[in-house]
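My entries follow in the order I made them.

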Amino acid sequence: VADYAAVLTTPFARIVIIVAFIENVLLWGAFAYIGAYLRLRFGLSFTLIGLSVACFGIGGLIYAGLVKLFVHRLGQVRLAIAGGFTIAAGYIALSIAPAWWLAPVATIAIGLGFYMLHNTLQTNATQMTPQARGTAVALFSSAIFIGQTVGVGIGALTIDRLGAVPLFIASAVTLPILAVWFGRQLSRRHLLK
């Protein structure tokens with residue numbers, strides 16, 4: 001109980017946990033429906049859909065290969081913000097792509113942007129409450145998984161009523177806003193240290 005109190009009474013810890021929750025609502029709430037969108041819009045085979053969605057991992061590999069450069073050139077704040085905008089570019093590209101073969105490129109961008117934003121969050125999650133590090137990371141992980149669940153549920157309601165494009169655009173608009181807000185909170189924290 002003392003460890004939970006230590007985490008939840010730390011303002012920056014609450015920010016990281018809330019941002020992780022919202023990030024996962026927005027990212028995975030839309031991502032879960034990329035396959036269905038590609039099937040409906042372009043009539044793709046399940047093989048091509050699977051390969052297109054799997055390109056998310058290529059974004060992760062690009063991030064892994066360039067992370068030292070990204071952190072050195074951008075720092076944490078601009079890395080998180082750039083991640084939000086990169087995800088947005090991917091979802092916008094999916095929404096307006098005139099041909100199916102742009103979907104893998106968009107999915108790579110979503111993957112790259114996710115790792116840029118999420119790994120910045122994750123780094124801060126491990127440092128936000130040093131006296132209760134295990135509990136802090138457990139709460140952070142819970143926020144991720146609960147956010148994914150809520151996001152997919154909201155996504156289902158949205159896609160059934162409005163279609164995939166409004167869902168993708170909503171994520172594209174809100175993720176950069178979230179990333180900029182988190183970047184400001186992160187900058188403020190570094191100034192106070």
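I call a residue buried under 20% relative accessible area, exposed over 50% and partly exposed in between, with a 1.4 Å probe and protein chains only. The model is predicted: local features need pLDDT of at least 70, side-chain atom pairs count only at pLDDT 80 or more, and totals for chains, interfaces and linings use all residues. Residues are numbered from 1 along each chain as its sequence is written, and side-chain values use heavy atoms, leaving out hydrogens and water.

**Thr 107**

I took helices as DSSP runs (H or I, at least four residues), numbered from the N terminus. Thr 107 is found in helix α5. Its relative accessibility is 0%, so Thr 107 counts as buried. For contact I used heavy atoms within 4.5 Å. Leaving aside neighbours within four places in sequence, Thr 107 is in contact with Phe 31, Ser 52, Val 53, Cys 55 and Phe 56.

**Helix pairs**

I used axes fitted to C-alpha atoms over the stretch in contact, with angles from 0 to 180 degrees between N-to-C directions. Under 35 degrees counts as roughly parallel, over 145 as roughly antiparallel, 65 to 115 as roughly perpendicular, and the rest as oblique. The axes of α4 (residues 46–96) and α5 (residues 102–125) come within 5 Å and cross at roughly 40°. α4 is therefore oblique to α5. Their contact has 26 nonpolar, 15 polar and no charged residues. Here Ala, Val, Leu, Ile, Met, Phe, Trp, Tyr, Cys and Pro count as nonpolar, Asp, Glu, Lys and Arg as charged, and the others, Gly among them, as polar.

Next I checked α5 against α6. The two axes come within 9 Å and cross at roughly 150°. That angle is why I logged α5 and α6 as roughly antiparallel. On the α5 side, His 118, Leu 121, Gln 122 and Ala 125 meet Ala 136, Val 137, Phe 140 and Ile 144 of α6. By class, this contact has six nonpolar, two polar and no charged residues.

**Helix α6**

Buried residues of α6 include Phe 140, Ile 144, Gly 147, Gly 151 and Gly 155. Gly 163 follows α6 with a positive phi, near 100°.

**Core**

A nonpolar core is a set of buried Ala, Val, Leu, Ile, Met, Phe, Trp, Tyr and Cys residues joined through side-chain atoms within 4.5 Å. The largest has 51 residues; Leu 27, Tyr 91, Leu 94, Ile 110 and Phe 182 touch the most other members.

Methods
Helix = DSSP H or I, 4+ residues; strand = E, 2+ residues; numbered from the N terminus.
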